[in-house]
Amino acid sequence: MTRKIALLFILSTGISFFLLLGIFGKQGFLCNLSVKQELKDLRYEKEVLSLQVDSLEKQKVELKSGEGLKDAAFKLGYQTQGEQVFYFSDKNDDISTAKTDKLSEKKEKWDFKGLSAIWILIIALAFSLVLTVSFAFVVNRRKETNDEQ
């Protein structure tokens with residue numbers, strides 16, 4: 001009986017240690033989810049920045065032409081005689097800064113580096129101890145009921 005309990009304790013410790021290491025370890029499942037989320041956020045930020053670069057390059061080309069200079073002058077408030085000037089506020093700038101703020105908050109939320117092997121071993125030992133004690137309790141209970149009959 002003692003051999004069974006010792007064998008159960010050793011096997012359950014080994015199995016639970018490697019299972020917990022695969023889930024909560026530094027290269028475990030949760031850590032990989034965190035890295036995937038961070039990679040997704042970085043790709044999104046890269047896409048936003050590349051769109052901004054394309055827009056700036058397009059503006060650069062337009063400014064080299066005469067029409068682009070007139071548009072830029074009009075945005076600064078210059079006008080030709082007889083024109084009526086309308087001013088529009090650009091709300092897209094506020095939205096883009098709000099999106100980048102949300103990304104930085106989300107990045108901090110998903111940051112998981114994994115547990116060290118020592119903590120995982122302690123958790124596995126605790127789990128194995130509970131399992132072994134419960135098994136011993138059940139076996140002793142069965143022995144007592146069988147002895148009474």
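Begin by selecting helices H1 and H5: their crossing is right-handed, meaning that the near helix is turned clockwise from the far one by less than a right angle. The model is predicted, so local features need pLDDT of at least 70 and side-chain atom pairs count only at pLDDT 80 or more, while totals for chains, interfaces and linings use all residues. Residues are numbered from 1 along each chain as its sequence is written, and side-chain values use heavy atoms, with hydrogens and water left out.

Keep both helices selected. H1 covers residues 2-24 and H5 residues 117-148; their axes come within 8 Å and cross at roughly 140 degrees. That makes H1 oblique to H5, because angles under 35 degrees count as roughly parallel, over 145 as roughly antiparallel, 65 to 115 as roughly perpendicular and the rest as oblique. The residues of this contact comprise 18 nonpolar, five polar and no charged.

Next, select H1 by itself. Its 23 residues, at 1.5 Å a residue, should span 33 Å, and the 32 Å between its end C-alpha atoms agrees with this.

Which residues of H1 are buried? Select Ser12, Thr13, Ser16, Phe17 and Leu20; buried means under 20% relative accessible area with a 1.4 Å probe, protein chains only. An α-helix has 3.6 residues a turn, so residues three or four places apart point the same way.

Finally, display the whole protein chain. It has five helices and zero strands, where helices are DSSP runs (H or I) of at least four residues and strands (E) of at least two. Of its 149 residues, 13% count as buried.

Key: Axes are lines fitted to C-alpha atoms, for helices over the stretch in contact, and angles run from 0 to 180 degrees between N-to-C directions. Ala, Val, Leu, Ile, Met, Phe, Trp, Tyr, Cys and Pro count as nonpolar, Asp, Glu, Lys and Arg as charged, and the others, Gly among them, as polar. The expected span of a helix is 1.5 Å times one less than its number of residues. Buried means under 20% relative accessible area, exposed over 50%, partly exposed in between (1.4 Å probe, protein chains only).
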